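Hi there,

Here is the structure I promised to pass on. Please open it alongside this email and follow along as you read.

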Amino acid sequence: MSDPSPRPAARDIGGLDGTAAGPALDLLPAKEVVLGEGTPVRRLLPTLGRRMVGAWAFVDHYGPDDVAATSGMQVTPHPHTGLQTVSWLLQGSVHHRDSLGSDVTFGPGQLALMTAGHGIAHSEQSPVPHPRFLHGAQLWVALPDAARDTAPAFEHHMTLPGFTSDGLTATVLMGRLGGAVSPGTAHTPIVGVDLDLAAGADVEVPLEPDFEHALLGASGGADVEGAPLAHGAMVYLGTGRRSVRIRTEAPVKLLLLGGEPFEERLVMWWNFVGRSGEEVTEYAERWNDGDARFGVVAGFSEDQRQLAPALPPVPLKARGRVR
């Protein structure tokens with residue numbers, strides 16, 4: 001997805017300054033934003049007080065929205081650098097096209113994973129016709145320095161591994177959990193798991209103690225370590241946990257995100273991740289000039305491209321994360 005703000009803030013992310021030294025239970029507030037031609041989303045990362053969870057640097061949660069009488073999601077071509085996009089649907093379908101020539105429509109339970117690396121452009125739209133409801137999450141993973149300039153790539157995995165236990169069905173999007181390993185390419189130690197819990201479930205989900213983790217209430221709410229987690233909210237769990245206890249009264253879906261705390265310091269502005277303000281400025285200028293670095297998404301006219309907004313009046317600097 002693209003950041004729709006006309007004046008996007010520069011985010012100084014990464015570093016270990018604010019990583020919890022042990023378990024935490026911090027509720028992260030969501031910011032309501034409107035995407036494309038009117039899709040409302042809840043932005044949970046980056047947000048006030050927390051910029052990253054492992055290498056996860058951006059989390060948008062949307063729906064369920066009734067889009068039967070609308071065009072649904074309409075995000076026209078825009079660029080990315082230095083990150084991966086992880087698209088996860090609970091309801092609906094999305095048509096992805098990119099400057100590599102990828103042309104894929106994906107739905108619930110399928111992983112759409114795009115590695116921007118050196119630079120890519122893509123679009124995301126509800127197909128015509130499309131299902132009545134649209135509900136899902138769009139996530140970005142920051143690439144480490146060794147992989148940030150890699151050639152762009154797109155992966156579409158129709159089926160994903162997982163396991164079931166005591167009212168829990170887990171589907172592993174990225175990384176590994178409970179012996180299940182995602183086929184998605186990861187460039188840093190991370191985990192992303194869809195947790196589908198039956199009514200009345202009371203489970204201990206295993207965690208990697210060297211990771212920091214967070215849980216998103218993707219569909220409905222739950223009790224997490226004795227604290228309520230509402231639909232559309234996220235709770236940061238800190239580090240050092242070997243498991244997290246989750247209890248439910250009604251069927252719910254949660255999204256578990258985690259990873260090794262990300263040490264490198266980055267600048268994230270609009271749809272770019274770089275290592276300095278100068279890099280990000282160059283990316284914006286080259287995209288607006290139609291530079292070949294990002295390629296062309298077939299099926300769109302030049303005036304349908306999203307141009308980078310005006311850069312902030314102050315220099316963009318890379319600093320550490322904050323809590």
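How far apart do the end C-alpha atoms of residues 41-141 lie, and what percentage of the span is helix and what percentage strand? The ends lie 18 Å apart, and the span is 0% helix and 60% strand. Helices (H or I, at least four residues) and strands (E, at least two) are DSSP runs, numbered from the N terminus. An unreviewed UniProt entry places the feature "domain: Pirin N-terminal" at these residues; UniProt annotations may be inferred rather than shown by experiment, and their positions are given in the numbering used here.

Two notes before you go on. This is a predicted model, where local features need pLDDT of at least 70 and side-chain atom pairs count only at pLDDT 80 or more, while totals for chains, interfaces and linings use all residues. Residues are numbered from 1 along each chain as its sequence is written, and side-chain values use heavy atoms, with hydrogens and water left out.

**The sheets**

Strands E6, E11, E8 and E9 form an open, antiparallel sheet in the order E6-E11-E8-E9; two strands pair if DSSP finds at least two bridges between them. E6 (74-80) and E9 (103-106) are at the edges with a single partner strand each, so one side of each has no neighbour in the sheet. Five bridges join E6 to E11 (residues 120-125), and His-80 has Ile-120 as its bridge partner in E11.

An open sheet of seven strands runs in the order E2-E23-E20-E25-E18-E15-E14, again with antiparallel pairing. Its edges are E2 (23-28) and E14 (162-165). E14 is joined to E15 (residues 168-174) by four bridges, and Thr-164 stands opposite Thr-169 in E15.

**A buried arginine**

Find Arg-293 in the segment after helix H1 (277-288). Is Arg-293 buried or exposed? Its relative accessibility is 14%, so Arg-293 counts as buried (buried means under 20% relative accessible area, exposed over 50%, partly exposed in between, with a 1.4 Å probe and protein chains only). Among the residues that Arg-293 touches, not counting those up to four places away in sequence, are Thr-81, Asp-149 and Tyr-283; contact means heavy atoms within 4.5 Å. A polar atom of the Arg-293 side chain lies 2.8 Å from the backbone oxygen of His-118.

**The core**

The largest nonpolar core has 55 residues, and Trp-56, Leu-139 and Met-174 are among the members that touch the most others. Such a core is a set of buried Ala, Val, Leu, Ile, Met, Phe, Trp, Tyr and Cys residues joined through side-chain atoms within 4.5 Å. Strand E12 (residues 133-142) gives the most to this core, with six residues.

Happy exploring!

Definitions and conventions
A polar contact is a pair of N or O atoms within 3.5 Å; within protein, one must be able to donate a hydrogen and the other to accept it, and residues adjacent in sequence count only if both atoms are side-chain atoms.
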